[in-house]
Amino acid sequence: MKSLITGASSGIGKNMAYYLASKNIDLILVARNKKEMERIKKELNVNVKIISLDLTKEENVYKLYEETKDDNIDILINNAGFGLFGTFTETNLDRELEMIDLNIKAYHILTKLFLRDFIKKDSGYILNVCSSAGFMAGPRLSTYYATKNYITKLTMAINEELRQAGSNVSISALCPGPVNTNFNKVAHGEFSIREADPAYVAKYAIDKMFARKMLIVPTFKMKLTLFASRFAPYRLQLLIAYHIQGKKLGK
């Protein structure tokens, strides 16, 4: 088997690469940090192809597909993404548009193009790395939450389309809570609650992906949180999120 992973140079993506390699699955690693991907490649005992691209640029997303469409990929993992803390009127517009390009457009394009190929051969797995934020609105982290809502709901809709068609292709959404990655550094904030281990999240996600689970939520605490949120009024959810994000910003 062969897997393509975006955002593969750090965090969840890097740990997914290690775990998939332990299952003798060949890899195509995609990220901007070529040096780190080369370091990862040296530590793995499977075939690894490295592609250094900035997927905030739409033309590079199509370039990635063209460069890999004939590589007989079995697993697509859309993992690249970032967030940006701050109130909506204060955050940088250009940076937010880059976030939308990466967190939404890159996922959307790659999912559609590879899904068509997977459907033709009636096999394959797609794992979209979303977030527990995909079920909520997030004051002070609003654009990030909105992008994750888009991908979570898109993944769920496609999953049902595949189920109704009787397809052997599987698509899943990974929806973790805070994970100990570079997210805080890039987003210019700090999580105020305990973060999950990225190696654990990566292994849990891959195992559940192979089990064809639609929504993958690591840790019992996050499962319980998402379940309880179904019964909370929107205003209460927004108030809680507002204050949680405020703690991340030191306010």
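Predicted model: local features only at pLDDT ≥ 70, side-chain atom pairs only at ≥ 80, totals over all residues.
Biologist: Let us look at S4. How many bridges join strand S1 to S4?

Modeller: Three bridges join S4 to strand S1 (residues 2-6), and the two strands run parallel. Across this pairing, isoleucine 5 stands opposite isoleucine 77 of S4.

Biologist: How many bridges join S4 to strand S5?

Modeller: Four bridges link S4 with strand S5 (residues 125-129), and these strands also run parallel. Isoleucine 75 has tyrosine 125 of S5 as its bridge partner, while leucine 76 stands opposite isoleucine 126 in S5.

Biologist: Which way do the residues of S4 point, and are they buried or exposed?

Modeller: In strand S4 (residues 75-78), Ile75 and Ile77 point one way, and Leu76 and Asn78 point the other way. All of these residues are buried.

Biologist: Changing topic: how many cavities of 30 Å³ or more are there?

Modeller: The count comes to one cavity of 30 Å³ or more. The volume of the largest cavity is about 30 Å³.

Biologist: Which residues line the largest cavity?

Modeller: Its lining consists of Leu55, Thr56, Lys57, Glu58, Val61, Asp101, Lys105, Ala106 and Ile109. Helix H3 (58-68) and helix H4 (93-121) are the elements that give two or more residues to this lining.

Biologist: Which element gives the largest share of that lining?

Modeller: H4 does, with four residues.

Biologist: How many of the lining residues are nonpolar, polar and charged?

Modeller: Four residues of the lining are nonpolar, one is polar and four are charged.

Biologist: Now the aromatic rings. How many aromatic pairs are found in the whole structure?

Modeller: The search finds five aromatic pairs. One of them is the edge-to-face pair of tyrosine 65 and phenylalanine 114, at 5.1 Å centre to centre with 80° between the planes.

Biologist: Where do tyrosine 65 and phenylalanine 114 lie?

Modeller: Tyrosine 65 is in helix H3 and phenylalanine 114 is in helix H4, so the pair ties together parts that are 49 residues apart in sequence. Both tyrosine 65 and phenylalanine 114 are buried. Together, Tyr65, Phe114 and Phe118 form one aromatic cluster.

Biologist: What about tyrosine 200 and tyrosine 204: how many Å centre to centre?

Modeller: The centres of tyrosine 200 and tyrosine 204 are 5.8 Å apart, and the pair is tilted, with 35° between the planes. These tyrosines are four residues apart in helix H7 (residues 198-210), so about one helical turn separates tyrosine 200 from tyrosine 204.

Biologist: Why does tyrosine 200 count as partly exposed?

Modeller: The relative accessibility of tyrosine 200 is 38%, and partly exposed covers values between the buried limit of under 20% and the exposed limit of over 50%. Tyrosine 204, with a relative accessible area of 18%, is buried.

Notes: Residues numbered from 1 in each chain as written. Heavy atoms only, no water. 1 Å grid on protein atoms, 1.4 Å probe; cavity = no way out; pocket = protein on both sides within 12 Å on 5 of 7 lines; lining within 4 Å. Points joined across faces, edges and corners; volume = space filled by probe spheres on them. Nonpolar A, V, L, I, M, F, W, Y, C, P; charged D, E, K, R; others polar. Buried < 20%, exposed > 50% of the residue type's maximum accessible area, 1.4 Å probe, protein only. Pairing = 2+ DSSP bridges. Phe/Tyr/Trp six-rings, centres within 6.5 Å; stacked < 30°, edge-to-face > 60°.
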